[in-house]
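Please read it alongside the model shown here.

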Amino acid sequence: MAQLWGGRFTKETDELVYRFNASILFDKKLFEQDIEGSIAHVVMLEKQGIITCEEKDAIVKGLTGIRFDVEQGNLAITEEYEDIHSFVEAKLIERIGDAGKKMHTGRSRNDQVALDMKLYVRGEVLKVSDCLVNLLETVLTIMENNLTTYMPGFTHLQKAQPTTLAHHMGAYFEMFKRDFLRLSDIYKRMNYCPLGAGAFAGTTYPLDRAYTASLMGFEGPTLNSMDSVADRDYIIEFLSALSTIMMHLSRFSEEVIIWNSNEYRFIEIDDGFSTGSSIMPQKKNPDIAELVRGKTGRVYGALVSILTTMKGLPLAYNKDMQEDKEVTFDAIETVKNCLALFDGMLSTMKFNSQVMEKSAMNGFTNATDAADYLVGRGVPFRDAHGIIGRLVLYCMEKNTCIEALSLQELKEISPVFDADLYEAVSLKTCVEKRLTIGGPGQEAMKQTIRINRDFLDYYKTKER
């Protein structure tokens, strides 16, 4: 059992206790970050005159060699080590001798693991952001290509008013855009370096924490050494953002599932993103959408887990915090996979525009516009509302729609109706006259798309 401590103890740790306490099985994922942090630390130690240039060079060369051998598969991270930190340090000492024993000078495992986890999460924030940019690009492309693809809009899952596929997709663009901006905020807030905080009270060595932070791209050092090792807010924020992303994906998935049904037939999912039935040969199932919807609870669980872990912990570090890693690692991989698969499904999906338009025409989605028509001719809105209600009831009894009625039938319900009603309640008119920014009218949508295109282009070219 390779451990970084033991001098105060008179006997070996119980094997069961050791296994329960060890984290090597999951924190080996932090291998790259542990090497990066250690190299930055020893470079700073040499700058401050705490170790010699020769010792620094030997340590950096040793760490670089360990990293290369692990990456090439020539060195395995095995369970005989308690955690990734003890593995790296033990291998370094084994390779370069006593100089390796100085790597840990002025550092505790507490600030070391805080750094490793923060470096890992910081990198994953950028990776999830990239996945969101890809999905946003797909959604925006659909918007650009479907400005006049008419469809029913819904409230309470009931047909409400006509809109366009571009407008409907634009709602999801706004959701995922907010998700992207949330991640940007989290990145800025978490980008401060805990290394140098020690166990919780700093160190007597003359460390240059600002220099160490700059070597790893942080804005600066954290300003309270107790909080530095006890803080997991950035993980909670990240998991909260991931949960919101999954909530948005789940809502979108629910609509894909509904639209894919025989009753709707708004879409056709590509064969590459569908599965069949083992007994029913006619089936083409929206499994990707269903799995994304299902995995949402898994990510929620990670957030609740870390919130529960942290809620009763006194300052500063407590071993409970080791529980932050497995759930976070799993949630991150789940979200990245869901984003990539959903993007692939969406980008290959076919939209049945004729079915969508027919559905909008048959659902009285133009009833509000018919009421507005009467208001425009001096009928009080409440009276107009009642007239159109009777008109809809008449159409339902005749199994027809407003625009299919004769002018005589219309006038029997209200003499205010005239021949220009047909144009006023056409899908095109109903949509196109809604020109305020944020609405489905073509000019309004073009303005929104320009704004969103500029947004995407800016972040796709922005230096990280």
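1. Does N260 count as buried or exposed? At 17% relative accessibility, N260 counts as buried (under 20% relative accessible area, with exposed over 50% and partly exposed in between; 1.4 Å probe, protein chains only). N260 lies in helix α10, residues 233-260 (helices are DSSP runs of H or I, at least four residues, numbered from the N terminus). Leaving aside residues up to four places away in sequence, N260 touches I267, I269, K284 and P286 (heavy atoms within 4.5 Å).

2. On provenance, this is a predicted model, in which local features need pLDDT of at least 70 and side-chain atom pairs count only at pLDDT 80 or more, while totals for chains, interfaces and linings use all residues. Residues are numbered from 1 along each chain as its sequence is written, and side-chain values use heavy atoms, with hydrogens and water left out.

3. Helix α11 (residues 287-310) packs with helix α12 (residues 324-347) at an angle of about 155°, their axes being 9 Å apart (lines fitted to C-alpha atoms over the stretch in contact, with angles from 0 to 180 degrees between N-to-C directions). The two helices α11 and α12 are therefore roughly antiparallel (over 145 degrees). Residues making this contact include V292 and V299 of α11 and V335 and L341 of α12.

4. The structure holds zero disulfides (pairs of cysteine sulfur atoms within 2.5 Å). C395 is in no disulfide, the nearest cysteine sulfur, that of C401, being 6.8 Å away. C395 counts as buried at 0% relative accessibility, and C193 counts as buried at 1%.

Note on methods:
Parallel < 35°, antiparallel > 145°, perpendicular 65-115°, else oblique.
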